[in-house]
Amino acid sequence: MSEENLYTFENEAYRKTYWHTCSHVMAQAVKRLWPETKLAIGPAIDNGFYYDLDSEKAFTPEDLEKIEAEMRKICKEKLKLERFELPRAEALALMEQQGEPYKVELINDLPEDAHISFYKQGEFTDLCAGPHLDSTGRIKGNAIKLTQCCGAYWRGDSNRKMLQRIYGVAFPKKDELDEYLAKQAEALKRDHNKLGRELEYFTTVDVIGQGLPVLLPKGARVVQQLQRWVEDEEQKRGYLLTKTPLMAKRDLYKISGHWDHYLDGMFVLGDPYDETKECFALRPMTCPFQYQVFLNRARSYRDLPMRLGETSTLFRNEDSGEMHGLIRVRQFTISEGHLVLRPEQLEEEFKGCLDLAKYCLGTVGLLDKCTFRFSQWDPANPNNKYEGTPEQWEEAQRVMGQILDDLDVNYTVGIDEAAFYGPKLDIQYKNVYGKEDTLVTIQIDMLLAKQFGMEYTDTDGQKKTPYIIHRTSLGCYERTLAYLIEEYAGALPTWMAPEQARIMTITERTNDYAWEVKKQLEALGIRVEVDDRNEKIGKKIREAQLEKVPFMLVVGDKEAENGQVAVRTRKGVDEGVMTVADFGKRIREEIDTKGRNV
């Protein structure tokens, strides 16, 4: 980073400091307008800042405009930001005096020897670790925008009070804000949570529950196509298909370690702490179930590598504040697999897993926007999160690092992001708003096989413990569908589109012919519908385009007489008149090659 860029938005540290200061300016503005408001937390985030507030007033869009105006005044006042520290007792007294119960709770949660720091700007003082700009005058007042207000549970706990969270963003120049807002407007058009509902791919229902989306026929058809394709591809690559239960007794999860490390994230059926009664839990992962396939009988080195694949439905008790459309849900389906292998097979099999993931993501059109993260353990947090010894972790990470380097993977490192049993490669993707989530993981596990007593007889006749690779090939199908809707703005490639062609009649005289064409195309494995309503052809075409149907086949008297169809694409391209057989070849080529041009 050059010296002249240290105090620009190219420097992430400066950008976050700028936004963090904006969050304090926003809180100060709210306190000026509504003094009874209680303050919770107000961090900088990847795309701006927010502040969680406890107020009897429900903030409206008009209120956000008032807050923005007050923020601009504070920026013009050029208030100096002053940092100071207080002993614990004095810090508590100050926050109690100011009537800030959430700050009092935060101080009480800090270690006894913590440095308790505050930042003061004018009449406003806030508990904060910083850092901040030196003056509110550094912030460009007309380049601030408060984007939304929504509910957020205090500390993300659904058992705690629901607060109001105001999001905002700010830039050093007004034109940068305008550019950002234009991009956000475009992102909203592609937002799967909006577009996916409008196109009837999925819905959510209050009486079913948050994070439990219903895939409508279109969405279900897309997921079905993806699942069939992935299962067939895995079979070509030597995977054995399994089908395992959706739940198990706590005994299984105790062996795997999930009971100790993941209980809060599981849906438990029964009292988890009453050992006198049987207790079950829905599965958050498939690994302990698939291990039973290996354990079904004695194994030798000839059985390895054993590649096990399953289209698995999983359940995770995510915080309600984390739910978002199809990207973060509580029940989801995943292309899960586990490879049991000899240590000397590790690099080759890891390479095969990475090649499969790249092939799948590349074919659906998401790979070019993916990034790679080597997720490692945190040596400072070994006891309450991770299984195994420091020596075992260092060895696993050394081996995985060597493999990634050998495969020339360009990755970043994520500390304390590993699974509790081993390091992993996370393939990351961002939604239209820049929020990053994991699409695919490939994990090295040198621990769980021993816990399950998994052994094989090696070439020397000795019993050995295998290594395991946990991996996904396309990841979570619901999340993948969300990203596909956003990537293609709803116009999915023909091969995965729920409806691949629509036949449209010009007059009622051609209705019978349209249905005959449908039969011919369905015989070729094409998903096709007929629109024979008594409507103008222009309206039918517009509706099909809005519904993102790849091909529109118009049939009038002349087409019916000659056994033809007039072909248009959803992009408005007129491909002319052709026979039904020729169109069948045309669309089959598009499907079979998994093209993305229509």
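Helices α11 and α12 are oblique to each other, a class that takes in the angles left over once those under 35 degrees count as roughly parallel, over 145 as roughly antiparallel and 65 to 115 as roughly perpendicular. The model is a predicted one, in which local features need pLDDT of at least 70 and side-chain atom pairs count only at pLDDT 80 or more, whereas totals for chains, interfaces and linings use all residues. Residues are numbered from 1 along each chain as its sequence is written, and side-chain values use heavy atoms, with hydrogens and water left out.

Two packed helices are described by the angle between their axes and the distance between the axes. For α11 and α12 (residues 390-406), the axes come within 10 Å and cross at roughly 60°. Such axes are lines fitted to C-alpha atoms, for helices over the stretch in contact, with angles running from 0 to 180 degrees between N-to-C directions. On the α11 side, Leu346, Glu347 and Phe350 meet Val399, Met400, Ile403, Leu404 and Asp406 of α12, contact being heavy atoms within 4.5 Å. The residues of this contact comprise six nonpolar, no polar and two charged.

A nonpolar core is a set of buried Ala, Val, Leu, Ile, Met, Phe, Trp, Tyr and Cys residues joined through side-chain atoms within 4.5 Å; buried means under 20% relative accessible area, with a 1.4 Å probe and protein chains only. Beyond its neighbours within four places in sequence, Val364 is in contact with residues including Leu226, Trp229, Leu474 and Arg596.

Asp52 belongs to strand β3 (residues 48-54). This aspartate is buried, with a relative accessible area of 1%. Its contacts, leaving aside neighbours within four places in sequence, include Lys38, Ile41, Leu163 and Arg165.

Key. Helices (H or I, at least four residues) and strands (E, at least two) are DSSP runs, numbered from the N terminus. Buried means under 20% relative accessible area, exposed over 50%, partly exposed in between (1.4 Å probe, protein chains only). Ala, Val, Leu, Ile, Met, Phe, Trp, Tyr, Cys and Pro count as nonpolar, Asp, Glu, Lys and Arg as charged, and the others, Gly among them, as polar.
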